[in-house]
2 protein chains.
Amino acid sequence: MDHAARTELERVLRGAIRDIPDFPKPGIVFKDITPVLLDAPLFHRTTQAMAAPFAEDGITHVVGIESRGFILGAPIAQHLGAAFVPVRKPGKLPSLVERVQYALEYGLDALEVHRDALRGGNRVLIADDVLATGGTARAACEVIERLGARVVGCTFLMVLSFLPGAAALSGRRVETLITY
Amino acid sequence: MDHAARTELERVLRGAIRDIPDFPKPGIVFKDITPVLLDAPLFHRTTQAMAAPFAEDGITHVVGIESRGFILGAPIAQHLGAAFVPVRKPGKLPSLVERVQYALEYGLDALEVHRDALRGGNRVLIADDVLATGGTARAACEVIERLGARVVGCTFLMVLSFLPGAAALSGRRVETLITY
């Protein structure tokens, strides 16, 4: 995708993504991507553009983070000719899992991945809609690397630059279509 | 896809899908589709084959049911050149929603869809991994039709014929790649 096409896509995406005040709790302005999915050509261009920076990186697996990461990550995997691996909340995956815990503002959360989903030699791209504090993405990197696979990078539809996500993924390759 | 290719895909899928005994609770044998997603060409062929029966039906929107329906439904939407609409558990969608309740074996569950996601004139395909009792798919049909859209059909990777899913969707067009 050339520079002009990318600038035009960014403009259209900024027009489509809508702010929902006070969701999921008071004081938070949620960036709702569902209008992007509702525009069929835009949805397709968006996942293609999220995949494109990694087209020459030999990605073998795209990891999607539950649940919006599934909607973007599954088409990205198909654009790259890669497998798809879901990373899920605890108790959702049926076979043996590797679990990672991570800190939230208050308390802990956890993610799980099937132990037999990844191994040494695999080259992984992590996909999600938003990079905010980076806690979830960093935990996903950790659990993927514990299984011996390599995290080549992370691709997000948007990055919220007023939150410390970039610091949480410091030293890693991060691509985004929009920065707020 | 011709008959021979479809028979071959079915054979490969039956080999890939694995049984997980006693998940999510004792006595249930869970059909795990994650090995299908782990085989990149098979994942691509599977979503193409789930889309193919509806290629000439003017589908405008694919509705994916949280969460495995997202993994299959998002690529199916892109194969058909359709928009993608997530149907989610309560409290997950940020804007105004239409909610439908439905009976489980014990108690009630509910699904939500954004009210502005669908309207009269839309032609909808519902996508999910498994048709079991049909309660979820029937509830999705109901909430989609309440918004004025038409449910053209439902596409599943597999149907469990020993459960009453077909009866729950009686009179509707249902396509599946595998019947157990």
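I started with helix 1 (residues 3-16) and helix 3 (residues 40-51) of chain A, which pack at an angle of about 125° with their axes 11 Å apart. This is a predicted model, where local features need pLDDT of at least 70, side-chain atom pairs count only at pLDDT 80 or more, and totals for chains, interfaces and linings use all residues. Residues are numbered from 1 along each chain as its sequence is written, chains are lettered from A and ligands numbered from 1 in the order in which they are written, and side-chain values use heavy atoms, with hydrogens and water left out.

Some terms I had to check: helices (H or I, at least four residues) and strands (E, at least two) are DSSP runs, numbered from the N terminus. Axes are lines fitted to C-alpha atoms, for helices over the stretch in contact, and angles run from 0 to 180 degrees between N-to-C directions.

So helix 1 and helix 3 of chain A are oblique to each other (under 35 degrees is roughly parallel, over 145 roughly antiparallel, 65 to 115 roughly perpendicular, and the rest oblique). Next I listed who meets whom, with contact meaning heavy atoms within 4.5 Å. From helix 1 of chain A, Arg6(A), Glu8(A), Leu9(A), Val12(A), Leu13(A) and Ala16(A) meet Leu42(A), Arg45(A), Thr46(A) and Ala49(A) of helix 3.

Then the core. Which residues have the most contacts inside the largest nonpolar core? They are Val62(A), Ile76(A), Val62(B) and Ile76(B), in a core of 64 residues. A nonpolar core is a set of buried Ala, Val, Leu, Ile, Met, Phe, Trp, Tyr and Cys residues joined through side-chain atoms within 4.5 Å. Buried means under 20% relative accessible area, exposed over 50%, partly exposed in between (1.4 Å probe, protein chains only). I clicked on Val62(A): leaving out residues up to four places away in sequence, its contacts include Ile76(A), Leu80(A), Phe84(A) and Leu125(A).

- Phe23(B) and Pro24(B) are joined by a cis peptide bond, omega about -5°. Pro24(B) is in the loop between strand 1 (18-21) and strand 2 (29-32) of chain B.
- Glu66(B) to Ser67(B) is also cis, with omega near -10°. I found Ser67(B) in the loop between strand 3 (61-65) and helix 4 (68-80) of chain B.
- Asp22(B) is not a glycine, yet its phi is positive, about 60°. Asp22(B) is partly exposed, at 48% relative accessible area.
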